[in-house]
Amino acid sequence: MDQLFNRKYIIQGLFVLLALILLGRLFYIQVASDKYFLDANNNALRKKFIYPARGVITDRKGKVLAQNQPTYDLMVTPNEVLPFDTLSLCNVIGITMEDFRKKFHKAVVQSRYQSSIFQKLLSVQTYAMLQERMANYKGFEVQKRTIRYYPDSIGGQLLGYIKEVSQAEIERHHGYYKPGDYIGKSGIERQYETDLRGTKGVRNMLYNVRNVAQGSYADGKFDSLAIAGEQLTTTIDVEIQKLGEQLLNNKVGSIVAIEPATGEVLAFVSSPGYDPNLMVGSESGNNYMKIFSNPYRPFFIRPIKGRYSPGSAFKPLSALIALQEGLVNENTTFNCPGYYQVGKTRFKCEHVDGNIALRRGIARSCNTYFWNLFVKEMTKKGRKNQHKAYDEWQEKVRKFGIGDTLGIDYPGERGYKLFTAEDYTQRYSKYWSYGTILSVGIGQGEITTTPLQMANIMAIIANKGYYIKPHLVKGIGNDKHIDPKYKEKHYVGVDAKHFGPVIDGMQDAVNSPIGTARESMIPNILMCGKTGTVQNTHGKNHSVFIGFAPRDNPKIAIAVIVENGGYGGAYAAPIASFITEKYLTDSLKGRRINGATIEQYKADNLLPVLKDKLPKQKPKVDTSKVDTAKKTVPLKTAVATNQFNKTAVAPKNNAATE
Amino acid sequence: MQQQNNRFFFNVDWITILIYMALCAVGFVNIFSVQYKPDISDTFSFSAEYGKQLIFIITGLVLGLSILLLDAKFFSVFAPIVYGITVILLIAVLVVGRNVGGNQAWIPIGSFRLQPSEFAKFGTALLLARYISSFNIKLNSLKPILICAAIILLPMALIKLQPDDGSMLVFLSFMFPLYREGLPGNLLIIFWGAALLFILNLFVSTSILIISILIIGGIFAYAHRKKVRKMINIGIIVIIAICYLFIGKYLFDNVLKPHQRTRIEVTLGLKTDNRGAGYNVVQSKIAIGAGQLTGRGYLEGTQTKYDYVPAQSTDFIFSTIGEEWGFIGCFVVIGLYCFLLLRIINMAERQRSVFSRVYGYSIACIFFFHVFINIGMTIGIMPVIGIPLPFISYGGSSLWSFTILLFIFLKLDSNRMGFI
């Protein structure tokens with residue numbers, strides 16, 4: 001052999017080297033990277049989803065609030081479309097040729113091989129017409145789907161609405177949704193989305209290169225059936241919900257009614273509302289924009305977001321804390337000369353009552369009484385330790401559900417801030433005392449609450465010392481399970497025995513000649529309550545009523561706020577009265593309150609006139625404004641807002657002129 | 001002689017035949033899988049590709065065995081005639097051939113189609129072996145090199161006229177047997193260096209390449225600064241290389257057809273073209289990648305079953321192996337090829353006659369070229385040039401041609417003790 005023999009090894013080495021390169025690349029493609037494996041599935045494997053029926057929502061007695069109704073979408077798979085009479089299709093589904101071209105182009109852009117929605121939400125009639133002709137339209141198919149239907153057209157904000165998912169939601173839910181799916185966007189539909197939506201069924205289908213289905217993958221081993229969504233039984237009573245919505249028609253305001261013993265919300269009205277059926281169907285997009293641009297903001301959920309001074313609702317609470325601490329008893333009297341004097345400044349009360357005790361103080365909502373009480377509270381540790389006393393006091397106030405959200409099962413609840421001593425020090429420097437924050441003693445100033453919190457305070461008083469977190473859903477599914485946190489009792493730290501005199505005072509407010517809401521007395525039912533009037537710098541005062549009934553073994557606690565409704569007795573108390581009567585007796589006796597029938601209350605229009613048509617203007621409470629004003633002259637403004645409890649409101653036509 | 005004829009079967013390298021049959025079996029099994037449709041493939045059909053391939057394999061085997069019965073001297077003696085016939089066929093195909101897919105490469109004979117370029121390979125291999133084995137040939141002088149080049153370039157030029165670039169490029173593999181027989185290594189280095197530079201020229205801007213050539217040239221010149229002749233040589237090489245860059249660029253932009261350009265660009269990753277020339281490669285890579293380590297299982301490959309890879313039974317048969325048998329299957333197949341090729345080379349080295357050795361090297365390098373380019377293109381590291389995978393790809397002409405190539409060598413090897 002010659003020396004060239006060595007070249008054998010060079011050639012063989014080259015073979016081995018190149019073979020190793022091939023193997024290395026194969027190892028990368030097949031083992032190290034799963035990109036190609038996934039691409040293969042994208043090629044051939046397509047998931048076909050089967051959509052389950054969304055859970056039905058009922059009221060507390062099982063009456064349906066939201067159900068499903070079939071609708072039809074026309075789908076198109078562009079590459080399967082053969083030339084056909086496009087004009088006839090356009091005529092059937094009612095679009096122009098121009099629309100047709102646009103829609104078809106959109107479908108082609110989305111995917112040539114996969115079907116996409118061509119025309120949404122066809123009516124049953126259109127569907128029937130289409131079915132006859134479908135054979136002519138190759139590449140088109142009709143897909144059945146369900147949409148929401150609300151038989152009573154009530155509870156728009158309460159129930160919320162469903163819409164196509166946004167990109168952000170698709171990402172947030174880790175791949176459950178895909179574009180075009182529907183999701184609860186607000187209200188109960190959103191809160192209980194995972195219960196209501198059920199579980200999508202999947203069929204894994206294999207497709208060949210010409211996009212013809214080749215049967216199911218792995219003999220359907222990985223397929224699943226659709227599981228229908230769970231039924232939701234809400235705590236709402238459909239009758240009083242409907243009545244509440246009617247009574248607040250053409251008014252801005254809210255009604256919250258709670259069953260005290262269970263924390264179940266019986267009525268949840270936010271006005272102006274909207275018909276939930278508007279948010280469904282082919283016009284839903286336009287309707288949404290109309291509702292969205294309504295200057296009275298129907299999408300602002302007032303029961304849980306509206307910000308109001310609790311005012312009169314706060315006075316019983318203040319009394320209860322003082323009674324529990326033993327600072328006063330039911331017989332302690334304060335003298336009301338018609339004002340309360342701090343230094344040289346006199347803060348006016350609405351009336352001159354002389355020496356009054358708790359029961360009358362609450363019935364009359366005597367400011368002087370509660371200022372005295374608040375000063376006593378602040379100075380109980382001596383004049384030097386007022387800040388400390390305030391902090392101890394506000395901690396007790398918090399137990400009543402003020403200063404934080406209550407945790408209702410509804411998205412977006414607000415809990416407005418309750419000031420601590422530290423917060424006041426930041427605002428006023430350290431030289432503040434009871435005189436600086438006197439308005440807090442009568443539920444004004446820095447204390448603000450939502451209507452839900454006001455109703456909850458009434459539930460606490462009705463229960464004599466505890467509450468259960470208000471909630472809107474009584475039970476999920478057939479076994480009616482519920483989050484256990486909605487069964488816990490939250491005690492407020494006041495013994496039951498102290499509630500008697502407070503409730504007496506509230507009873508007098510409705511049922512005695514000196515009461516502020518005596519017109520709203522319900523025959524044969526002892527309703528306890530308080531009226532309130534919130535001064536509104538933009539226009540007429542807001543009318544407020546809070547209460548519960550009947551006095552013994554209360555069944556309903558209620559808070560009603562009618563913006564621009566004048567005095568508490570003018571609108572809020574009558575509305576509460578009608579609702580309570582309806583709920584407790586299941587009938588309305590046709591009585592008149594303030595000389596007006598219930599039909600007149602329903603018909604009254606109290607929508608404020610909006611100057612300069614500012615759609616974003618807050619047609620709302622002004623406590624924030626009051627707050628800012630107070631920074632400079634805290635005391636005077638505080639007193640100015642304190643309009644609670646002007647004695648008995650005259651018949652409402654008078655109220656309107658005041 | 002008589003004695004040897006009686007026991008020539010004992011001298012035949014049975015291991016090689018076994019590997020050959022294994023590869024044919026791999027081919028049949030995977031072609032069946034490509035054609036398999038669960039609902040319509042209940043009965044075996046000889047009109048389907050797998051049925052035809054079975055006929056090709058059997059006839060190929062018969063062909064191979066009858067080659068073993070021939071006298072070993074036959075190939076050496078008739079080499080010029082075989083070469084002449086293949087050249088005539090190559091010319092004939094240009095006249096009477098059928099144009100399939102833009103290439104005039106087929107002569108229809110009955111229901112079969114003959115592809116002369118496949119047979120040109122062993123014609124060339126035989127004549128090359130015959131020439132080099134003739135007395136007193138030294139491949140380090142100009143004249144024999146030119147004659148060898150002429151033998152190789154004639155069929156290449158004719159195939160180029162079809163035009164079938166894939167088959168034409170296969171003839172480059174004859175460089176390695178020539179190298180084994182004494183072709184100066186520098187020539188190979190220059191050739192492949194030029195090819196490398198051509199490819200780099202597409203990647204990197206020409207100015208950067210010129211600067212790097214100057215730097216490298218400078219380093220060499222500095223290393224040989226005492227030797228004027230060498231420095232002159234280096235200078236000439238640098239100038240030629242730079243000129244070559246511009247010529248190469250010109251050739252690429254103006255001489256190559258657009259589809260060839262795209263294929264090269266797609267292979268180099270300069271372009272992504274998932275629907276045009278890149279489509280085959282993308283789908284083939286997906287199919288192979290889907291196999292993962294152990295494969296999806298025989299007849300279970302979705303990409304294979306549902307026709308995602310074009311030309312899957314012929315040029316892209318390896319993607320079926322990749323998908324259904326996984327990395328392990330690919331490893332086995334490549335291993336079989338390596339074993340076969342290294343064995344052929346070892347066998348070539350044990351030949352007494354130069355003719356047999358050159359022939360052995362020739363077929364090993366032809367097989368290897370096919371295997372590397374074919375598998376390389378299915379996994380996207382080689383441009384898509386349509387050449388079959390030896391013994392596995394569907395097709396009578398290629399299978400027979402590879403069979404003849406191999407069995408001639410087996411015959412020569414069985415006769416290695418004799419004189420040719």
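Predicted model: local features only at pLDDT ≥ 70, side-chain atom pairs only at ≥ 80, totals over all residues.

Trainee: How many helices and strands does chain B have, then?

Mentor: Chain B comes to 18 helices and 3 strands. Of its 420 residues, 45% are buried.

Trainee: And what are the counts for chain A?

Mentor: Chain A has 24 helices and 22 strands. It contains 658 residues, of which 42% count as buried.

Trainee: What share of the contacts joins residues at least 24 apart in chain A?

Mentor: The share is 72%, taken among contacts between residues at least 6 apart in sequence. For chain B the corresponding value is 69%.

Trainee: How many residues does each chain bring to the contact between them?

Mentor: Chain A brings 31 residues and chain B brings 36 residues. On the side of chain A, α1 (7-32), α2 (35-44) and β8 (201-207) each supply at least two residues. The most comes from α1(A), with 16 residues. By class, this side of chain A has 20 nonpolar, 6 polar and 5 charged residues.

Trainee: What does UniProt say about residues 9-28 of chain A?

Mentor: An unreviewed UniProt entry annotates residues 9-28 of chain A as a "transmembrane region". In the model, that stretch is 100% helix and 0% strand, with its end C-alpha atoms 28 Å apart.

Trainee: Which residues of α2(A) are buried?

Mentor: They are A:Y36, A:A40, A:N43 and A:A44. These residues cover an arc of only 70 degrees around the axis, so they lie on the same side of α2(A). The face turned away from that buried side carries the exposed residues A:K35 and A:N42.

Trainee: What is A:A455 in contact with, leaving aside its neighbours within four places in sequence?

Mentor: A:A455 is then in contact with A:V256, A:A257, A:I258, A:A557, A:I558 and A:A559.

Trainee: Is A:A322 buried or exposed?

Mentor: A:A322 counts as buried because it has 24 C-beta neighbours inside 10 Å, and the cut-off for burial is 20 or more. This residue is in helix α13 (residues 314-325) of chain A. Leaving aside neighbours within four places in sequence, A:A322 is in contact with A:L327, A:V328, A:L373 and A:E377. A:A322 and A:L373 are 51 residues apart in sequence, and their C-alpha atoms are 7.5 Å apart.

Trainee: And A:K144, buried or exposed?

Mentor: A:K144 counts as exposed, because it has 10 C-beta neighbours inside 10 Å. It is found in strand β5 (residues 140-149) of chain A. Beyond its neighbours within four places in sequence, A:K144 is in contact with A:P70 and A:Y72.

Trainee: Let us turn to the backbone. Where is the cis peptide bond with omega about 0 degrees?

Mentor: That bond joins A:S271 and A:P272. A:P272 is in the loop between β12 (264-271) and α11 (284-293) of chain A. The peptide bond from A:A549 to A:P550 is also cis, with omega near -15 degrees. A:P550 is found in the loop between β21 (542-549) and β22 (556-562) of chain A.

Trainee: What is the phi of A:K464?

Mentor: A:K464 has a positive phi of about 55 degrees although it is not a glycine. It counts as partly exposed, because it has 19 C-beta neighbours inside 10 Å. A:N594 likewise has a positive phi of about 55 degrees. A:N594 is buried, with 20 other C-beta atoms within 10 Å.

Technical notes:
Residues numbered from 1 in each chain as written. Chains lettered and ligands numbered in written order. Contact = placed C-beta atoms within 7 Å. Helix = DSSP H or I, 4+ residues; strand = E, 2+ residues; numbered from the N terminus. Nonpolar A, V, L, I, M, F, W, Y, C, P; charged D, E, K, R; others polar. Buried ≥ 20, exposed ≤ 12 C-beta atoms within 10 Å, placed from the backbone. Arc of directions from axis to C-beta. UniProt positions renumbered as here; feature names shortened; annotations may be inferred.
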